[in-house]
Amino acid sequence: MRIGVLISGRGSNLKALIGACEEPGFRGRIALVISNRPGAGGLAVAKAAGIPTLVIDHKEFSTRETFDAELDRALANAGVDLVCNAGFMRILTDGFVEKWRDRQLNIHPSLLPAFKGLHVHQRALDAGVKITGCTVHFVRPEMDEGPIVAQAAVPVLPGDTAETLAARILEAEHKLYPLALKLVVEGRARVVGEHVVLDHDGEAVTGSLFVPAEK
């Protein structure tokens, strides 16, 4: 399976996905990394791994539709089968999302459907929750919506700040995203209706993979 990764920043989740694809027997490879920001650190991460990169600067397009059309064209030209959003800070148009329906993954730093959108960690602290985490899901037009592939729980510790909590959740993301990608690439996680069905020991089970908090 040929994978396209969309980034906007330093590429820490990209690095985790690259590591997964380099494992023996992994059934996919990253064919292209696209950034909407010319200075994104993740571009250097991809180049160091020998992966083709492309910058499509959203500031050069007058509408979201024209930007997304160029994004779609680049992915198609690279023969991409599956798109992974990895810190891609753009809201994609409905048309793009529908074209890649059930072929686009995203990771969000909360246990969806809780705390969609931005400023997630501070909002979790303000709400007083004891457990938060991260979620890998198939993308839908609504923000941070879509069938959930996998979630990992992260405890909120006494004295946590938004920064310390974010750092621990990011560590969980680096483990969860490769795991979820492997399930999808191997056909062991697929969308039926608006839910994910997992192949568990040869039996199809409706529901996402859940990784409990580490003690």
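1. A definition to start with: two strands pair if DSSP finds at least two bridges between them. Strands (E, at least two residues) and helices (H or I, at least four) are DSSP runs, numbered from the N terminus. In E4, leucine 82 is the bridge partner of isoleucine 3.

2. A word on what you are looking at: this is a predicted model, in which local features need pLDDT of at least 70 and side-chain atom pairs count only at pLDDT 80 or more, while totals for chains, interfaces and linings use all residues. Residues are numbered from 1 along each chain as its sequence is written, and side-chain values use heavy atoms, with hydrogens and water left out.

3. Now the sheet around that pair. Eight strands form an open sheet in the order E3-E2-E1-E4-E5-E6-E7-E11, with mixed pairing. At its edges are strand E3 (53-55) and strand E11 (209-211), each of which pairs on one side only. On average, neighbouring strands of this sheet are turned by 20° against each other, direction ignored; the axes behind that angle are lines fitted to C-alpha atoms, for helices over the stretch in contact, and angles run from 0 to 180 degrees between N-to-C directions.

4. On to the charged side chains. The whole structure holds nine salt bridges, each being a side-chain nitrogen of Lys or Arg within 4 Å of a carboxyl oxygen of Asp or Glu. One of them joins lysine 99 and aspartate 72 at 2.8 Å, N to O. Because lysine 99 lies in helix H4 (residues 94-99) and aspartate 72 in helix H3 (residues 64-77), this pair ties together parts that are 27 residues apart in sequence. Aspartate 72 is buried, at 12% relative accessible area (buried means under 20%, exposed over 50%, partly exposed in between, with a 1.4 Å probe and protein chains only).

5. Arginine 140 sits in the loop between strand E6 (131-138) and strand E7 (148-155), and glutamate 194 in the loop between strand E8 (189-192) and strand E9 (195-200), so the pair links parts 54 residues apart in sequence. Arginine 140 is buried, with a relative accessible area of 6%, whereas glutamate 194 is partly exposed at 39%. Through shared partners, salt bridges join Glu98, Arg101, Asp102, Arg140 and Glu194 into one network. Within it, glutamate 98 and arginine 101 meet at 3.2 Å, N to O.

6. The aromatic side chains are worth a look too. Rings of Phe, Tyr and Trp (its six-membered ring) pair if their centres lie within 6.5 Å; planes under 30 degrees apart count as stacked, over 60 as edge-to-face and the rest as tilted. The count comes to two aromatic pairs. In one of them, phenylalanine 61 and phenylalanine 67 have ring centres 5.7 Å apart and planes at 75°, so the pair is edge-to-face. Phenylalanine 61 is partly exposed, at 25% relative accessible area, while phenylalanine 67 is buried, at 1%. Arginine 90 lies over the face of phenylalanine 67, at 5.1 Å from the ring centre (the rule asks for NZ of Lys or CZ of Arg within 6 Å of the ring centre and within 35 degrees of the ring normal).
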